[in-house]
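I opened the model and kept notes on a few places that I looked up.

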Amino acid sequence: MPEPGFALNRHPRARKWAVGLIILAVLAGGAYWVSGKLTSIGSAQKTFGRRGGPVMAGAKVPVKIAPVETAPINIVLKAIGTVTAYNTVTVRSRVDGELQKVAFADGQKVKQGDLLAQIDPRPYQVQLDQAIGQQKQNQALLENARRDLQRYQLLYKQSSIAKQQVDTQASLVQQYLGSQKSDQAAVDSARLQLSFTRITAPISGRLGLRVVDQGNLISASSTDGLVVITQTQPISTVFTLPQSQLSMVLAQMHDGKTLRVDLYDRGDTNKLATGELVSVDNQIDVATGTVKFKAKFANDDDALFPNQFVNVRLLVSTEPQAVVIPVEALQQGSIGPFVYVVNDDDKVHIQPVVPGAIDEGRVAITSGLKSGQKVVTDGVDRLREGAEIEVVTPESQAEVAKKAAEAASKVPAGPRSRRR
């Protein structure tokens, strides 16, 4: 009796055919499963919008819209600027000597003329006393020479002395008069040097950190100085604009208009100060193609600090009748700037536009729109040409949220899992 599998072992070709049939069956089943998945994915894609949004085919796209209005808009030029002290002075000693007293604290605010430091005045007081003594001595000689001249003139009238003696005495009087002026200049110089021992604030402002401590010997030739004063009230800001915008600004300045400048923080959200444009540089920087401008600010609240970086907004002019839309409605594409205009049948149309100035969340449209039209501001990522829309209002959003909350409250809570 033959053993099991004897027939199969006697026919190896039959065994190969059986294995091949099994492999073909497996491949056919896998291909059928993959084709089914691809078909389901393709049908699912047809139910979504142009950019993958969850919009069913034929369904309306929920959007928010805004009207195209005619309103005044400010033409504002934006730049990045640096706050600079209106005046900066390094306080130095004008005489040599020992620093006897420091009369200020670091970071203190001072007014012009306030005492900052005192240098030992004794050497300069001695020089002043010496100059005054020399002046008095020469003054006595002058008075004596004048009396002698009067006597000589009287004797000359009596023909008692020669004319030469009178002329010599008159020359001596003139010599002493010259000495008197020199003595007065020496006294004034000594008094001036003595006054330099009191170092006072040349301008009003805020002091920095002192460089020299009390008791040190200081020299007039030192370049370090005692302290630096920065004038922060008023304060200035320097910023640059492209040369293409220079003519626009100069036209307003030549008309005698004062241009307003607003400063914002680094995040361009918080307004720091409001001032005015005061000057324009006299040349264009050829390396960058920009022009420097300088604005002045009162800075009464000390919101601005020297070397602070700020965002600058220069108000050039105001266009009274501009066609404006929200900035959110303006889109960029291969055709350039465009908006989605809402037609009367609640369908959208792609409209190319030419944008202008941007101010406070609004943008002026110089061409492409007219007042009274409606544009889409929210939901544009799911739109296409001719798409049908559904306008979402705050009231409808509140109603949807209310219904969702009611539905969530009606759903029973699931059973809690028990711990083993």
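How many bridges join strand 17 to strand 18? I looked this up and found four, between residues 354-359 and residues 362-367, with the strands running antiparallel.

The model is predicted, so I take local features only at pLDDT of at least 70 and side-chain atom pairs only at pLDDT 80 or more, while totals for chains, interfaces and linings use all residues. Residues are numbered from 1 along each chain as its sequence is written, and side-chain values use heavy atoms, without hydrogens and water.

Terms: strands (E, at least two residues) and helices (H or I, at least four) are DSSP runs numbered from the N terminus. Two strands pair if DSSP finds at least two bridges between them.

Hairpin entry. I checked Pro355 and found that its bridge partner in strand 18 is Ile365. Two residues lie between strand 17 and strand 18 in this hairpin, and Glu360 in the turn has a positive phi of about 50°.

Helix 5 entry. I listed the buried residues of helix 5 (residues 246-254) as Leu246, Val249 and Gln252; buried means under 20% relative accessible area, exposed over 50%, and partly exposed in between, with a 1.4 Å probe and protein chains only. They are on the same side of helix 5, because they cover an arc of only 140° around the axis, taken from the directions from the helix axis to the C-beta atoms. On the other side, Ser247 and His254 are exposed. Gly256 follows helix 5 and has a positive phi, near 80°.

Strand 9 entry. Thr232 is in strand 9 (residues 227-242) and counts as buried because its relative accessibility is 6%.
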